[in-house]
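Please keep the viewer open as you read.

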Amino acid sequence: MPIESINPASGQLIERFDPIGDAELEDALAHAVRAFGAQRAATFDQRAACMRQAADVLVRDKSRWARIAT
């Protein structure tokens, strides 16, 4: 059964997400564990650069993220 994000004011469907299977979930978790290890080994400057890139994406696409958040 898909997960749906619906605008409560209008009832309009914003986005539909299909559920994933066990294998996909295990792959995602394994990826997260590897990413955590890499992030933990990164220097402060490397982590800060990633955060600046994330901030750039948030600012550049602020309308999109605002729609998703609300």
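1. **Ground rules.** A salt bridge here is a side-chain nitrogen of Lys or Arg within 4 Å of a carboxyl oxygen of Asp or Glu. The model is predicted, so local features need pLDDT of at least 70 and side-chain atom pairs count only at pLDDT 80 or more, while totals for chains, interfaces and linings use all residues. Residues are numbered from 1 along each chain as its sequence is written, and side-chain values use heavy atoms, with hydrogens and water left out.

2. **Salt bridges overall.** How many salt bridges does a search of the whole structure find? The search returns two. As background, side chains of opposite charge can pair when their charged atoms come close.

3. **Glu4 and Arg16.** One of the salt bridges joins Glu4 to Arg16, with 2.5 Å between the closest N and O atoms. This pair links distant parts of the chain, twelve residues apart: Glu4 belongs to strand 1 (residues 3–6) and Arg16 to strand 2 (residues 13–17). Helices (H or I, at least four residues) and strands (E, at least two) are DSSP runs, numbered from the N terminus. The C-alpha atoms of Glu4 and Arg16 are separated by 4.4 Å. Glu4 is partly exposed at 38% relative accessible area, and Arg16 is partly exposed as well, at 46%. On this scale, buried means under 20% relative accessible area, exposed over 50%, and partly exposed in between (1.4 Å probe, protein chains only).

4. **Arg60 and Asp61.** The side chains of Arg60 and Asp61 also meet in a salt bridge, at 3.2 Å from N to O. Arg60 is exposed, with a relative accessible area of 60%, whereas Asp61 is partly exposed at 24%.

5. **The negative patch.** Which residues form the negative surface patch? They are Asp22, Glu24, Glu26 and Asp27. Patches are made of residues with over 30% relative accessible area and no salt bridge; like charges are joined within 9 Å, and nonpolar side chains (Val, Leu, Ile, Met, Phe, Trp, Tyr) within 5 Å. For the charges, Lys and Arg count as positive and Asp and Glu as negative, with His and the chain ends not counted; the place of a charge is NZ of Lys, CZ of Arg, CG of Asp or CD of Glu. Glu24 sits in helix 1 (residues 22–41) and is partly exposed, at 46% relative accessible area.

6. **The nonpolar patch.** Val57, Leu58, Trp65 and Ile68 make up a nonpolar surface patch that has about 330 Å² of accessible area together. Helix 2 (44–60) and helix 3 (62–69) are the elements that give two or more residues to this patch. Accessible areas come from the Shrake-Rupley method with a 1.4 Å probe, and for residues only the protein chains shown count as cover. Val57, which lies in helix 2, is partly exposed with a relative accessible area of 30%.

7. Strand 1 and strand 2 run antiparallel and are joined by four bridges; two strands pair if DSSP finds at least two bridges between them. Ser5 stands opposite Glu15 in strand 2. The hairpin has six residues between the strands, and Gly11 takes a positive phi near 80° there. Glu15 itself is partly exposed, at 39% relative accessible area.

8. Pro2 lies in the segment before strand 1 and counts as partly exposed at 35% relative accessibility. For Pro2 and Glu15, 13 residues apart along the chain, the C-alpha separation is 10.0 Å.

9. **Ala42.** Is Ala42 buried or exposed? Ala42 is buried, with a relative accessible area of 15%, and its place is the loop between helix 1 and helix 2. Ala42 and Phe17 are 25 residues apart in sequence, and their C-alpha atoms are 32 Å apart in space.
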